[in-house]
Amino acid sequence: MSTTTKPGVLLQMTGIVKEFPGVRALGGVDLDVRAGEVHCLLGQNGAGKSTLIKVLAAAYQPDEGTIRWDGVETTLSSPMAAIKLGISTIYQELDLVADLTVAENVFLGHEISRGGISQRSRANRLVRDLLARLGHSEISPTRIVGELSPAGQQIVSMARALSHDTRLLILDEPSAVLDQGEVDNLFRVIRGLTAEGVAVVYISHRLEEIRKIGDRITVLKDGITVATGLAAADTPTSRLIQLMTGRSIEYVFPARPVEARDQGKPVLEVRDLALPGVFSGVDFTVHAGEIVGIAGLVGAGRSEILETVYGARRASTGSVSVDGKQLRRGSVPAAVAAGVGLAPEERKSQGLLLDQAVYRNITISSLGRFARGGFLNSAAERRRATELTTSLDVRPAGVVRAVRTLSGGNQQKVVLARWLLRDCRVLLLDEPTRGVDVGARSEIYALVRTLADSGVAVVVVSSEVEEVLGLSDRVLVIREGVVVHESAATEIDESRVLDLVMEGRVA
């Protein structure tokens with residue numbers, strides 16, 4: 001690519017290389033972003049997206065390549081240098097301080113003061129102006145950030161970015177914790193910023209979002225730019241998938257069984273379950289080999305239902321039974337002993353020991369199998385974990401590496417391997433493909449269907465209605481803690497689900 005900046009281009013990265021010991025994370029990436037556009041960055045987990053944006057944010061220094069800003073070649077020597085230039089990054093895991101106020105978070109590190117004395121009133125006034133610019137005047141500058149919803153916290157992060165006179169805003173999986181209404185609001189905010197001339201780099205695994213918000217697309221694969229400048233509105237999804245994965249993926253969701261199974265007695269029975277202020281009167285059953293999906297908005301009580309079934313929360317009324325045996329309320333050990341497994345929504349903080357080896361994350365719920373005379377047989381742990389990771393195609397191979405070194409999709413496979421080892425009867429999956437690329441999604445969907453075909457009763461919660469309908473045999477729709485609809489997945493469509501979760505009309 002020419003080193004001459006194209007007209008209208010705010011940022012031009014050419015031939016960016018970044019190497020770590022034994023790993024070439026970026027092998028020559030090209031990217032140009034225009035003022036006032038939404039430029040979408042796509043790629044599978046491990047393609048180099050995170051490394052690239054950290055180079056752009058100056059968290060990493062490139063080993064080769066050039067960066068031109070407003071037509072001038074520049075070196076981003078530090079994160080503060082990038083911020084002063086007008087580059088702000090909002091990572092998927094927001095770096096806000098929960099115990100501080102909104103205003104304190106917005107001006108953290110560049111506090112409003114005079115003569116060393118903090119000017120809180122002025123800071124609050126400036127934050128009100130920023131929030132109004134983002135269309136969220138309802139958020140108070142004096143509100144404690146930890147009390148805000150995930151969507152509210154994301155708006156605070158954007159306000160902090162704009163407090164630095166941002167010209168380029170990088171959003172890493174911004175919709176991961178948002179429901180559809182909140183995503184629509186996010187898009188409104190983004191369009192408002194681009195109308196002011198702010199450039200946005202938007203990273204998402206949700207291809208349908210790219211169609212709605214993106215102008216142009218750059219695709220990375222194995223640390224290299226394989227396509228750039230693609231028109232978001234005109235590039236077929238099949239083409240994007242092929243560029244990201246190197247292969248065509250025609251069937252994202254595995255086929256449902258052709259023949260109806262002998263239902264028999266249900267494996268999981270949930271009766272009149274209630275958690276005060278969260279959900280009430282929840283009734284459903286799941287049979288062996290069946291996948292039941294739960295759809296609803298974020299905050300409707302979906303995750304809490306799974307956590308209560310698993311014993312992580314104690315129900316006030318109702319019962320949970322597995323194979324006809326009622327479980328003790330609020331007891332995870334009782335649930336696990338009965339064969340219940342949970343892959344939680346926040347796998348990094350709730351489901352994994354990030355600094356522990358892959359094999360220990362797999363065996364942690366089955367350590368009794370590997371204990372002899374009070375000692376753990378680590379060699380046996382590693383052998384069994386290797387068998388499972390090989391069968392699940394966890395990459396890169398090797399069960400002694402820390403699980404934090406794996407991509408999101410491969411981390412999810414490790415969580416599933418844990419319950420495969422445990423031979424669970426009931427598997428609860430909360431947002432099983434959050435932050436997972438399209439190729440790994442297909443693999444996880446196939447694995448879930450294989451588990452069901454082996455007789456496991458599966459419950460899936462997802463914010464993506466398409467995922468709930470495509471993967472499940474039967475669907476529950478929940479609104480404000482109440483089940484408002486239940487039917488076969490083939491008897492309801494996406495628009496009907498959205499109508500139910502928004503309006504709450506009982507079907």
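A crossing of two helices is called left-handed if the near helix is turned anticlockwise from the far one by less than a right angle, and right-handed if clockwise. In this predicted model, local features need pLDDT of at least 70 and side-chain atom pairs count only at pLDDT 80 or more, while totals for chains, interfaces and linings use all residues. Residues are numbered from 1 along each chain as its sequence is written, and side-chain values use heavy atoms, with hydrogens and water left out.

Helix 13 passes helix 14 in a right-handed crossing; helices here are DSSP runs (H or I, at least four residues), numbered from the N terminus, as are strands (E, at least two). In contact (heavy atoms within 4.5 Å), Arg384, Leu388 and Leu392 of helix 13 meet Lys413, Ala417, Leu420 and Leu421 of helix 14. These residues divide into 5 nonpolar, no polar and 2 charged, where Ala, Val, Leu, Ile, Met, Phe, Trp, Tyr, Cys and Pro count as nonpolar, Asp, Glu, Lys and Arg as charged, and the others, Gly among them, as polar.

Elsewhere, the second largest pocket holds about 490 Å³ of space. On a 1 Å grid over the protein atoms alone, a pocket is an open set of points where a 1.4 Å probe fits, with protein on both sides within 12 Å along at least five of seven lines, and lining residues have an atom within 4 Å of a point. Points are joined across faces, edges and corners, and the volume is the space filled by probe spheres set on them. Helix 2 gives the most to the lining of this pocket, with 5 residues. The lining divides into 11 nonpolar, 6 polar and 3 charged residues.
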